[in-house]
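Student: I am new to this structure and would like to learn how to read its aromatic rings and helices. Could you take me through them slowly?

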Amino acid sequence: MTVVCLDLEGVLVPEIWISFAEETGIEELRRTTRDEPDYHKLMRYRMDILRREGLGLKDIQATIARIKPLDGAKEFLDKLRELTQVIILSDTFEEFAKPLMKQLGWPTIFSNSLKIGDDGMLEDIIMRQEEGKMKAIEALSSIGFRTFAAGDSYNDLRMIRKADAGCLFRSPVNILEENPDLKIFNTYDDFLSFIKENLK
C-alpha cells in the first residue's frame with residue numbers, strides 16, 4: 001500500500017501568513033518557507049513582528065476563519081482519498097489547522113503546536129519532532145508502506161527526496177531552479193494523474 005503525504009499551505013489551502021499579511025497590511029509577514037529554509041528562524045522573525053504590532057493568536061485565527069481551500073483542492077483530495085491513504089504533513093500548528101481541516105473533510109494531519117502566553121501572544125513553537133515531515137516518511141517506510149510526497153517549499157524537500165516517489169506542486173521559481181531534477185505540476189488534474197502513475 002502507498003501512503004501519499006502532502007504539504008498543506010500552498011498545496012491545498014492558501015498560505016496562512018500571506019493571508020494574514022494582506023489583512024493586516026504588514027508586508028514583512030509575507031515571508032514564508034518558500035523564502036526562508038530555516039523554519040525556527042522564520043518563526044522567530046514572525047513572532048517578533050507580532051509582538052511589535054500587538055497581534056496575538058486570536059487575530060491570526062480570525063483570518064484563518066475566512067480562508068477557503070484553493071480552487072479544486074477539496075475535489076482533488078476527495079478523489080485521491082478514494083484511491084489511497086493520505087496524510088497531510090505540515091509545519092503549521094494545531095491552533096491554526098482545525099477550521100481548514102473541516103473544510104477539507106477532516107483528513108489526517110500531523111502538525112505542531114504553539115506556546116501561547118497569558119496575554120494571548122505567541123511565545124514559542126512546540127515542534128512535534130524536528131524534521132517531522134521527513135521522519136514521518138521514514139516511519140511509514142519502516143512499517144512497510146511505499147510513500148509518495150509532494151509540497152511547494154524548502155521545508156518539503158527532504159520529505160520529497162526521502163519518499164519512494166514525489167514531486168513539487170506550484171513551487172516558486174527559486175525552488176525550481178535549485179531542484180531541477182524534481183517534477184513540478186501546477187494543476188490538480190496533472191498532479192492527480194502523476195500520483196496515479198506512481199500508485200500502479
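**Rings and helices**

Tutor: Trp-17, Phe-20, Tyr-39, Phe-93 and Phe-96 form one aromatic cluster. This is a predicted model, where local features need pLDDT of at least 70 and side-chain atom pairs count only at pLDDT 80 or more, while totals for chains, interfaces and linings use all residues. Residues are numbered from 1 along each chain as its sequence is written, and side-chain values use heavy atoms, with hydrogens and water left out.

Student: How is a pair of aromatic rings described?

Tutor: One gives the distance of the centres and the angle of the planes. Rings of Phe, Tyr and Trp (its six-membered ring) pair if their centres lie within 6.5 Å, and planes under 30 degrees apart count as stacked, over 60 as edge-to-face and the rest as tilted. The whole structure holds ten aromatic pairs. Phe-93 and Phe-96 make an edge-to-face pair, with 5.5 Å centre to centre and 85 degrees between the planes, whereas the pair of Phe-185 and Phe-194 is tilted, at 4.8 Å and 35 degrees.

Student: Are Phe-185 and Phe-194 buried or exposed?

Tutor: Both Phe-185 and Phe-194 are buried, a word that means under 20% relative accessible area, with exposed over 50% and partly exposed in between (1.4 Å probe, protein chains only). Phe-93 and Phe-96 are buried too.

Student: At what angle do helix 1 and helix 3 pack?

Tutor: Axes are lines fitted to C-alpha atoms, for helices over the stretch in contact, and angles run from 0 to 180 degrees between N-to-C directions; helices are DSSP runs (H or I, at least four residues), numbered from the N terminus. Helix 1 (residues 16-24) and helix 3 (residues 57-64) pack at about 100 degrees, with their axes 9 Å apart.

Key:
Helix = DSSP H or I, 4+ residues; strand = E, 2+ residues; numbered from the N terminus.
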